[in-house]
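Here are my notes for your first look at this one. Have the viewer open and follow along point by point.

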Amino acid sequence: MFINYEDEDRTFTLQTKASTYQMYVDPHGYLLHCYYGAKIEEQNLSYLIQQQDRGFAGNPPDAAGDRSLSPDTLPQEYSTFGVGDFRESCLDLHNFHGGIAADLRYVSHRIYKGKQKLQGLPATFGADSEVESLEIDMKDGVSEVVVSLQYSVFPDDDVITRSARIVNTVRKTVELSRALSMCLDYQIPAKRDVITFYGRHMGERNLERTPVRHGKIRVDSSRGASSPHQNPFLILCDHNADEIQGECFAFSLVYSGSFMAQVELDQIDQLRVVMGIEPDRFSWELTPGACFQTPEVICCYHSGGFDELSNQLHRFQRKHLMRGPYASRPCPILVNNWEATYFDFNTDKLLDLAQVAKEVGVEMLVLDDGWFGNRNDDTTSLGDWWVNTEKLPGGLTFLSEKLHEYGLKFGLWFEPEMVSPVSELMQIHPEWCLQIPERPGVTSRAQCVLNMGLSEVQNYLYDKMSEIIRGANLSYVKWDMNRSITDAYSWELPIHRQGEVWHRYILGVYALMDRILTEFPDLLIESCASGGGRYDAGMLYYSPQVWCSDNTDAIDRLKIQYGNSFGFPIKSVGSHVSVSPNHQTGRTVPFETRAVVAMSGSFGYEMDLTKLNQKERQIVREQILRFKDQRDVLQTGTYHRLTNAQTDRWFTAWMSVSQDRSRAIVNIVLLAPIPNAPILAIKLRGLNPDASYRDRSGNQYTGRALMKAGLVVPPLYGDYTAVQVELWQV
């Protein structure tokens, strides 16, 4: 049993391989958090909770004069507003008379093997032998609303997941104006830092480390998507933690819409972490008998630094979050025509590109934007999902047949969630667009947003997309989303329920993706939101590959891919070799360096291969052969950040080690050549210390020597030179 309940002292203890999570029900029915951290066995940890009489701390009616009992100072498992806890709330409940309050007390619990799906939402999964679950019912005695706190323990993966299901059990309607997924209170003071990941379009996933201070440190998105600007993932760590030492906790929200994640240090140095749906523009009407399910949070602990924490998350997500064959199967090596042709293509151009792609070993051709409606630039035709036969006289079916004759798979770009003002769909169904009455609409990239919460919109898109997927025999769909949501209003909902639009939108996206994958289970969906604008654990459930940035500059990608590696599997990172000078930055980078960077992801090319000379085509051929040989190590091995790519000035280095530690690939990119440079020795990680390894030149080292003394790299010269060192166990 990984979950244990002791009836005598009413403690719940959740155990993983290396961590313990404990809570208990106090005499008043409050569910209080005792401990989350390194594994402790056979100990009631409620002694850590010390109640004191605190000024300005409200006492509940049943305190009976005990001023030390206050929700404002107790470590809560799920905080509520209106009954004395003035820290960040997880639940704001508008009772049927209008008052905002909920006082949750323990009612019952259930422990069972396995894990239930979350209705309408992506969530982790596992066999009955891999996961055990706990549901604790908490009830507000006045409204009789029941909050079922859901915990699942994956012991071998050192992961605990959390979510909440809110149920209206009476005959009166109530309203939620906040329904977060998780609250975690640390009562014992400790010096902590919080790590978050900020960015922008083409500059995503920059790591920012901030010492926890009194007050609130909050990251969020109100854009309708998780966004490139902040990410629904954070790390709480010891102040002195680094890659190889220190306690650290990761929290990843399995959700792709507007979110909030916050760390708060209160007046007595208690620390609270909350995470969930962004509450400021959220509301939900809960009718009698109805329930609301919050998204899930993945919680992961490690005492050995960021390196081990990241690899735990990588393994866990590949096994228990990413679905379908491509969760474990290698993603195809592809060439995308976007930077090769942009909108200027026809069937002949694509077939010429396909012929060269086949010659050099590419496995799939992806046709990007511009194949539908009257789409010759980015101002028209989104929503008109029928083939532009002027560009493609034989249609997609003819093109697909030719590609398959060449031995290539076929992939296609869609942007299903958007509609162009200049389109047939907008003329026929303007009411399908998100639009506030009597207010001129906001466009971005010359497009508006479809109301994905409408079943009519979902059905239209499913019919169009499934017809094309089936008719063109597609193996891959690039699912793009190129703007934030504005004008969030639905004609289907009454005025007092417009706060539901944002969440219903993302539920509609999930429903459409799930419906398509149910019909086409072997289809690979690559999520894209102008690159990494919706790169989150929620999308990984449907899309095991994510186009992590529209910036294909290999040197910029070092930083972007570095940031992604903290929270997301390397296999999920869509990364391509593009032309030089680069289209986004104008930077000139050697061909080998562009390939080395792109190989640490789902590898492909973003260029016109027909313009390469014979020597360059041979280089591509050799790169692809090398990647196919290394693919398993790079995509499913352990990943080690050997330097900090965000602050590196001389060089950046990282490595991957096979699961059995018999093979390693070390990558080094020179950022700035140094004349008369110091000797460069890089300490490796993840090797078998007692094994011997050899490189391509026949040099032999022990794993211990490479990890303790380091690998000496020959002097590096030139602009952005890359070196890749392969090691095999002898």
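**Notes on loops and helix pairs**

1. Start with Y342, which sits in the loop between α2 (338-341) and α3 (347-360); helices (H or I, at least four residues) and strands (E, at least two) are DSSP runs, numbered from the N terminus. The phi of Y342 is near 50°, a positive value in a residue that is not glycine. Y342 counts as partly exposed because its relative accessibility is 30% (buried means under 20% relative accessible area, exposed over 50%, partly exposed in between, with a 1.4 Å probe and protein chains only).

2. Before going further, a word on the source: this is a predicted model, where local features need pLDDT of at least 70 and side-chain atom pairs count only at pLDDT 80 or more, while totals for chains, interfaces and linings use all residues. Residues are numbered from 1 along each chain as its sequence is written, and side-chain values use heavy atoms, with hydrogens and water left out.

3. S530 also has a positive phi, about 50°, although it is not a glycine. Look for S530 in the loop between β27 (524-527) and α8 (537-540). Is S530 buried or exposed? It is buried, at a relative accessible area of 16%.

4. One more backbone detail: the peptide bond from S580 to P581 is cis, with omega near 0°. P581 belongs to the loop between β29 (573-578) and α10. As background for these backbone points, most residues other than glycine have a negative phi, and most peptide bonds are trans.

5. Now the helix pairs. The axes of α3 and α4 come within 10 Å and cross at roughly 15° (axes are lines fitted to C-alpha atoms, for helices over the stretch in contact, and angles run from 0 to 180 degrees between N-to-C directions). That makes α3 roughly parallel to α4, a label for angles under 35 degrees. The crossing of α3 and α4 is right-handed, meaning that the near helix is turned clockwise from the far one by less than a right angle. From α3, T347, L350, L351 and A354 make the contact with F398, L399, K402 and L403 of α4; contact means heavy atoms within 4.5 Å. By class, the residues of this contact divide into 6 nonpolar, 1 polar and 1 charged (Ala, Val, Leu, Ile, Met, Phe, Trp, Tyr, Cys and Pro count as nonpolar, Asp, Glu, Lys and Arg as charged, and the others, Gly among them, as polar).

6. Stay with α4 (residues 395-405) for L396, which lies in that helix. L396 is buried, with a relative accessible area of 5%. Which residues does L396 contact, leaving aside its neighbours within four places in sequence? They are L367, W371, V387, F410, L412, I468 and A472. For a sense of scale, the C-alpha atoms of L396 and R171 are separated by 54 Å, with the two residues 225 apart along the chain.

7. The other pair is α9 (residues 554-565) and α10 (residues 591-599), whose axes come within 9 Å and cross at roughly 20°. So α9 is roughly parallel to α10. Their crossing is left-handed. A554, I555, R557, L558 and Q561 of α9 meet T593, R594 and V597 of α10, and by class that contact has 4 nonpolar, 2 polar and 2 charged residues.

8. Last, α9 by itself. This helix is mostly covered, with 10 of its 12 residues buried, among them I560, Y562 and G563.

Definitions and conventions
Angles under 35 degrees count as roughly parallel, over 145 as roughly antiparallel, 65 to 115 as roughly perpendicular and the rest as oblique.
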